[in-house]
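Please describe how the chains of this model are built and where they meet.

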Amino acid sequence: MGRSKNDVWVGLFVMLGAVALVFLALQSANLLSLNWSSTYRLTAHFDNIGGLKPKAAVRSAGVVVGRVTQIGFDDERFQAVITLDMDSRFHFPKDSALKILTSGLLGDQYVGIEAGADDADWSAGDNVTHTQSAVVLENLISQFLFNSAADQGSDGKSATLKK
Amino acid sequence: MKWWHPGDLGFTVRSWLGGIGYGARFLARLLSLAGPTFGRFGLVRDQIHFLGNYSLAIIAVSGLFVGFVLALQGYNILQRYGSAEAVGMMVALSLLRELGPVVTALLFAGRAGTSLTAEIGLMKSGEQFSALEMMAIDPIRRIVAPRFWAGVIVMPLLAAVFSAVGILGGWVVSVVMIGVDPGAFWSQMQGGVEVWADVGNGVLKSVVFGVAVTFVALLQGYVAKPTADGVARATTKTVVMASLAVLGLDFVLTALMFSY
Amino acid sequence: MAHPDFPTPALIELRDVTFGYGERPVLAALSLTVPRGQVTAVMGASGGGKTTVLRLIGGQQRAQSGAVLFDGQDIGAMDPDALYTARRRMGMLFQFGALFTDLSVFDNVAFPLREHTALPESLIRDIVLMKLNAVGLRGARDLMPAQISGGMARRVALARAIAQDPELVMYDEPFAGLDPVSLAMSARMIRQLNTTLGITSLVVSHDVGETFAIADQVIILGDGQVAASGTPAELRASSNPLVRQFLGLATDGPVRFHYPGPTVEEDFSVEAMP
């Protein structure tokens, strides 16, 4: 079989086909995080972000409306600062609250949005003030014990941890 | 070649693309000769014997050892979570989906691929291909195409042998040696392995690998320099390129078949 | 197109053929004819384009300009089917035989018959043994190519080349590397086959002695063109300097000994001897 003058063009065509195939495979496996939609950026301060990681989802009503891009530390207010890239299609009122929630019982943590009632929406570069930190198990237990002790103190009975 | 010289770089890219284009045309030629080749099935049958039967030993032995190791490693991890009885399903799925097609393809590239490359390269350098042309016989149709289609047929069969022997090896280690319950071993496997999704996809993978490995081996033999050194280099290139092709295609196929 | 009842006198004709590998032309506007029924020899210096002529006639290469005519039809303009039909009328003997190493001598000679015809095995056996007999190797029919000498391999290849009784047989360096006995045998065999089978033979060689003994016409190539042509006797009497150098009648001529490069003075910084 002899060399043809068209070999270079056929080669180019084959390379394009191969690239398209790889792209298709990655897209179908959801391994590619190409974001074609435009985004706007927000920041938020949290007392405790728990196990939140970069690229975690930002969901409202269970639907992904953005991503956590950066996690940093504010050493003046001693709070965590996270940066969110929000999908430009969705806008939320200025008094909406951000909470750190867990998907499922043992799943990864994500940022949930509870929509507020303000007329004005978040615009790019805003800092969100209504935030609720992640639930930390130790604080929960000590709070429970504190409440038990407070109940016991007002009742005058001795508190025993029921099995 | 100096890669910072635009002229050299351009020439290299163009000749590289030209090589890919030539290879693509070669593959298209082989695929288009399916009809005539199967019309003369005797040639294909002979090649199936040379490629398949002579590879059976290495495939079966390798499958056995891979099955042993899978069972050992699998049991080691699964019994920490109390799931030791799933070792049968784990061994079967690993083999059917991945290790069977991939390892078989790599072994085939080393054993049968190199022999194909050397054979075609030597025939071409000994002017046997020219002699065929002058006898008004198309050498690609007569010599290369039967070997190609034989390789495509043989690969899924060898992968099936590999997986089957591997599962048996896994049974020997987990049930006979370690003491996993045989009933649980097989029933978990039957519950966890789906015919079309797992076995079928594994067969599809090995067919694709068969095309890739045999094509690379035959192409390298065909374009080898007609010297002893040239043929030796070509066999090395066959193993390297075929192995990389198999692993790359495995990624693409797995992403298409087994992801969410 | 040649009419079968009025064949052209020349079986092969090259008209103004130009061909080169890359930029350097090996053949430049070459024109020659090969008459039917005769032994024609093409000779010339190594790399002078002799084997290229054979490849052009066989259609393995295409001329960049000019026409290569086989029985009046242009080989370069043929589609693959027509080319294969033309090739069945040719037989080619390669320099080292090019036998199929996995087939026996018998199977090698039977190969073209089994591929192209539907003849029964008994008939094929007879034809193969006849061809082997013509080259003197009927007794070697069951040997493998690895078991026979180079000269014998070439003879088997010749039997294979004439298996389908072609009109033209081309020999690529049939005398290279043979001992004196085999040399004489081969030369005689080529001449005899040409006469008994009534074929046209085209021999590419640079062995002057044997070739001149059997050729009816000799063409000497030089610089991609025909430097001289004629009967062996005519060429021996020629005064052309290339011919005289080629025939060993002159010690120097157009073909130089030294490969072009810097002069002796430049390389060795030596003053030219007075």
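The report takes the contacts between chains before turning to each chain.

This is a predicted model, in which local features need pLDDT of at least 70 and side-chain atom pairs count only at pLDDT 80 or more, while totals for chains, interfaces and linings use all residues. Residues are numbered from 1 along each chain as its sequence is written, and chains are lettered from A and ligands numbered from 1 in the order in which they are written.

## Contacts between chains

Two residues are taken to be in contact if their C-beta atoms, placed from the backbone, lie within 7 Å. Two pairs of chains are in contact, and of these chains A and B share the most contacts. That contact draws 20 residues from chain A and 17 residues from chain B. On the chain B side, helix 1 (6–32) and helix 9 (228–258) each supply at least two residues, and helix 1 of chain B gives the most, with eleven residues. Helices (H or I, at least four residues) and strands (E, at least two) are DSSP runs, numbered from the N terminus. Sorted by class, the side of chain B that touches chain A holds ten nonpolar, four polar and three charged residues. Here Ala, Val, Leu, Ile, Met, Phe, Trp, Tyr, Cys and Pro count as nonpolar, Asp, Glu, Lys and Arg as charged, and the others, Gly among them, as polar.

Chain B is also in contact with chain C, through ten residues of chain B and 13 residues of chain C. Helix 2 (80–87), strand 6 (90–93) and helix 3 (105–116) of chain C each supply at least two residues of the chain C side, with helix 3 of chain C giving the most, three residues. By class, this side of chain C has seven nonpolar, three polar and three charged residues. Chain A and chain C, by contrast, do not touch, and their nearest C-alpha atoms are 10 Å apart.

## Chain A

Chain A has two helices and eight strands, which follow the pattern α-β-β-β-β-β-β-β-β-α along the sequence. Its domain assignment (bounds from an automatic or database domain assignment) gives domain 1 (7–36) and domain 2 (39–140), and the centres of these two domains, taken over C-alpha atoms, are separated by 35 Å. Of the 163 residues in chain A, 15% are buried, a residue being buried if 20 or more other C-beta atoms lie within 10 Å of its own, exposed if 12 or fewer, and partly exposed in between, with C-beta atoms placed from the backbone. Among the contacts in chain A with a separation of 6 or more, 59% join residues 24 or more positions apart.

## Helix 4 of chain B

Helix 4 of chain B (residues 87–125) bends by about 55 degrees at B:Leu95, where the bend is the angle between axes fitted to the seven residues ending there and the seven starting there. Because 28 of its 39 residues are buried, helix 4 of chain B is largely enclosed by the rest of the structure. Just after this helix, B:Glu127 takes a positive phi of about 65 degrees.

## Chain C

Chain C is divided into domain 1 (1–89 + 166–233) and domain 2 (106–165), whose C-alpha centres lie 24 Å apart. Ten residues of domain 1 of chain C are in contact with ten residues of domain 2 of chain C. On the domain 1 side, the largest share, four residues, comes from helix 6 (residues 180–197) of chain C, and the classes on that side are seven nonpolar, two polar and one charged.

Six strands of chain C form an open sheet of mixed pairing in the order 6-7-8-3-9-10, and two strands pair if DSSP finds at least two bridges between them. Strand 6 and strand 10 (225–230) of chain C are the edge strands, each pairing on one side only.

| Strand pair (chain C) | Bridges | Direction |
|---|---|---|
| Strand 3 (residues 39–44) and strand 9 (residues 217–222) | Five bridges | parallel |
| Strand 1 (residues 10–21) and strand 2 (residues 24–35) | Eight bridges | antiparallel |
| Strand 1 and strand 4 (residues 65–70) | Five bridges | antiparallel |

Strand 1 and strand 2 of chain C form a hairpin with two residues between them, and C:Gly22 in the turn has a positive phi of about 80 degrees.
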